[in-house]
Amino acid sequence: MASEKVITCCEALIEKNLTLSFVESASAGKMCYEFSTVFNSGRILIGGMVCYHVSMKEDLLQIPWGTIEKYTAESAVVTELMAQNFHRYSKSDICVALTGLTTPGGSESSSKPIGTIFIHIILPKKEIAKRYEFKGTPENIVDQAIDTVANLIMKEI
């Protein structure tokens, strides 16, 4: 079930007649799912894409070859490109991209530990890029990231 923050965000989007799409990596579709469970979500939710593997990011989202090798799949640069490239096709007012590290085995390091999440949001008149370090289980990290996205959208609309 969606958190209160997600519900409040959806209600505000419905009130303002704004649409929303998601392109997700670390959250693996959970963010789109959470927003879809809110009453009348069909009025705002355009849809989403899960691009977990590098090949999906390069092949479907057209992240230039070498970019992920240079910056890693879990980076601000890749998250921004995911948002921008998906937004071209999603035709939504707001597009949210999310990447990050919820489990070991990615590009984690002392400067980018497990729990690091990158969010890039395209809004009608601006873009927001944020980096966070959350604590907890993989599910807790994703849930915190989803609530953070809802808060960021709420601040802007």
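S3 (residues 94-100) is joined to strand S1 (residues 20-24) by 5 bridges, and the two run parallel. Strands count as paired if DSSP finds at least two bridges between them; strands themselves are DSSP runs (E, at least two residues) and helices are runs of H or I with at least four, numbered from the N terminus.

Some ground rules first. Residues are numbered from 1 along each chain as its sequence is written. As this is a predicted model, local features need pLDDT of at least 70 and side-chain atom pairs count only at pLDDT 80 or more, while totals for chains, interfaces and linings use all residues; side-chain values use heavy atoms, with hydrogens and water left out.

**The sheet**

- An open sheet is formed by 5 strands in the order S2-S1-S3-S4-S5, with mixed pairing.
- S2 and strand S5 (127-133) stand at the edges with a single partner strand each, so one side of each has no neighbour in the sheet.
- From one strand to the next, the twist averages 15 degrees.
- S3 also pairs with strand S4 (residues 116-122), in the antiparallel sense over 6 bridges, and here the partner of Cys95 is Ile122.

**Strand S3 and its cover**

- In S3, 7 of 7 residues are buried (under 20% relative accessible area; exposed is over 50% and partly exposed in between, with a 1.4 Å probe and protein chains only).
- In a regular strand the side chains alternate between the two faces of the sheet.
- Ile94, Val96, Leu98 and Gly100 are buried on one side of S3, and Cys95, Ala97 and Thr99 are buried on the other.
- Helix H5 (residues 76-90) lies across S1, S2, S3, S4 and S5, running at about 145 degrees to S3.
- Helix H6 lies across S1, S3, S4 and S5, at about 30 degrees to S4.
- Axes are lines fitted to C-alpha atoms, for helices over the stretch in contact, and angles run from 0 to 180 degrees between N-to-C directions.

**Helix H1 against H6**

- The axes of H1 (residues 4-16) and H6 (residues 138-156) come within 9 Å and cross at roughly 35 degrees.
- H1 contributes Lys5, Val6, Thr8, Cys9, Ala12 and Leu13 to the contact, and H6 contributes Ile146, Asp147, Ala150, Asn151, Ile153 and Met154; contact means heavy atoms within 4.5 Å.

**Aromatic pairs**

- The structure holds 2 aromatic pairs, that is, rings of Phe, Tyr and Trp (its six-membered ring) with centres within 6.5 Å; planes under 30 degrees apart count as stacked, over 60 as edge-to-face and the rest as tilted.
- Phe22 and Phe35 have ring centres 5.0 Å apart and planes at 50 degrees, so this pair is tilted.
- Phe22 is in S1 and Phe35 in helix H2, so the pair ties together parts 13 residues apart in sequence.
- Both Phe22 and Phe35 are buried.
- Tyr132 and Phe134 form a stacked pair because their planes are at 15 degrees, with centres 5.5 Å apart.
- Tyr132 is partly exposed at 21% relative accessibility, whereas Phe134 is buried at 9%.

**A buried loop residue**

- Ile44 sits in the loop between helix H2 (30-36) and strand S2 (45-50), and counts as buried at 1% relative accessibility.
- Beyond neighbours within four places in sequence, Ile44 is in contact with Cys10, Leu13, Ile14, Leu18, Thr19 and Leu20.
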